[in-house]
Amino acid sequence: MSKSNNLLKKFVASKSKYFELPEGEEIKVRYLYAEEVPNNFDGGKTMCIRYHIEVDGVEQLWDRTSRDLAQQMANVVEGECIYIRREGERSKTKYFIRRAE
């Protein structure tokens, strides 16, 4: 990835409080903590997990309803660095978590 691409990605990430990961990408983040919040995507009818993560020194929010992701994140210690990888789009999206060495 070019120097300009990295700069632009960091700029976009720093301007949003919400974390987004494009399909097929993987990123290293620091897991801060999780909380249960109303789901913004259905008007708050259901609850989701809001993960607080640090990306390039900036805290961002990541709202997800995936039980599979929650099971993976249950094995991560607060403050730990992890890699998040995204595969698929829309309802076929899967996230994979692995510890950073």
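## Ground rules

This is a predicted model, so to speak: local features need pLDDT of at least 70 and side-chain atom pairs count only at pLDDT 80 or more, while totals for chains, interfaces and linings use all residues. Residues are numbered from 1 along each chain as its sequence is written, and side-chain values use heavy atoms, with hydrogens and water left out.

## The sheet

Start with the open sheet: five strands in the order S3-S2-S1-S4-S5, paired antiparallel. Strands here are DSSP runs of E with at least two residues, helices are runs of H or I with at least four, and both are numbered from the N terminus. Two strands pair if DSSP finds at least two bridges between them. The edges are S3 (58-64) and S5 (94-99), each pairing on one side only. On average, neighbouring strands are turned by 40° against each other, direction ignored; the axes behind that angle are lines fitted to C-alpha atoms, and angles in general run from 0 to 180 degrees between N-to-C directions.

## Strand by strand

S1 (residues 26-38) then pairs with S4 (residues 81-87) over five bridges. In that pair, Glu 26 stands opposite Arg 85 and Ile 27 stands opposite Ile 84. Finally, S4 and S5 share six bridges, with Ile 97 in S5 as the partner of Ile 84.

Glu 26 sits in S1. It counts as partly exposed because its relative accessibility is 35%; the cut-offs are under 20% for buried and over 50% for exposed, with partly exposed in between (1.4 Å probe, protein chains only). Glu 26 and Tyr 83 are 57 residues apart in sequence, yet their C-alpha atoms are 6.5 Å apart in space.

## Turns with positive phi

Most residues other than glycine have a negative phi. Asp 56 is not a glycine, but has a positive phi of about 50°. Asp 56 counts as exposed because its relative accessibility is 54%.

The hairpin of S4 and S5 has six residues between the strands, and Gly 88 there takes a positive phi near 95°. Arg 90, in the loop between S4 and S5, also has a positive phi, of about 50°, although it is not a glycine. Arg 90 is exposed, with a relative accessible area of 77%.

## The core

Which residues touch the most other members of the largest nonpolar core? They are Phe 19, Ile 53, Trp 62, Met 73, Ile 82 and Ile 84, out of 15 residues. A nonpolar core is a set of buried Ala, Val, Leu, Ile, Met, Phe, Trp, Tyr and Cys residues joined through side-chain atoms within 4.5 Å. S1, S2 (47-55), H2, S4 and S5 each supply at least two residues, and S2 gives the most, with three.

Val 76 lies in the loop between H2 and S4. It counts as buried because its relative accessibility is 10%. Val 76 and Ile 97 are 21 residues apart in sequence and 8.9 Å apart in space, C-alpha to C-alpha.

## The second largest pocket

What lines the second largest pocket? There are 16 lining residues, and Arg 64, Thr 65, Ser 66, Thr 93 and Tyr 95 lie nearest its centre. S3, H2 (67-73) and S5 each supply at least two lining residues, with the largest share, three residues, from H2. By class, the lining has four nonpolar, six polar and six charged residues (Ala, Val, Leu, Ile, Met, Phe, Trp, Tyr, Cys and Pro count as nonpolar, Asp, Glu, Lys and Arg as charged, and the others, Gly among them, as polar).

The space in this pocket is about 310 Å³. On a 1 Å grid over the protein atoms alone, a pocket is an open set of points where a 1.4 Å probe fits, with protein on both sides within 12 Å along at least five of seven lines; lining residues have an atom within 4 Å of a point. Grid points are joined across faces, edges and corners, and the volume is the space filled by probe spheres set on them.
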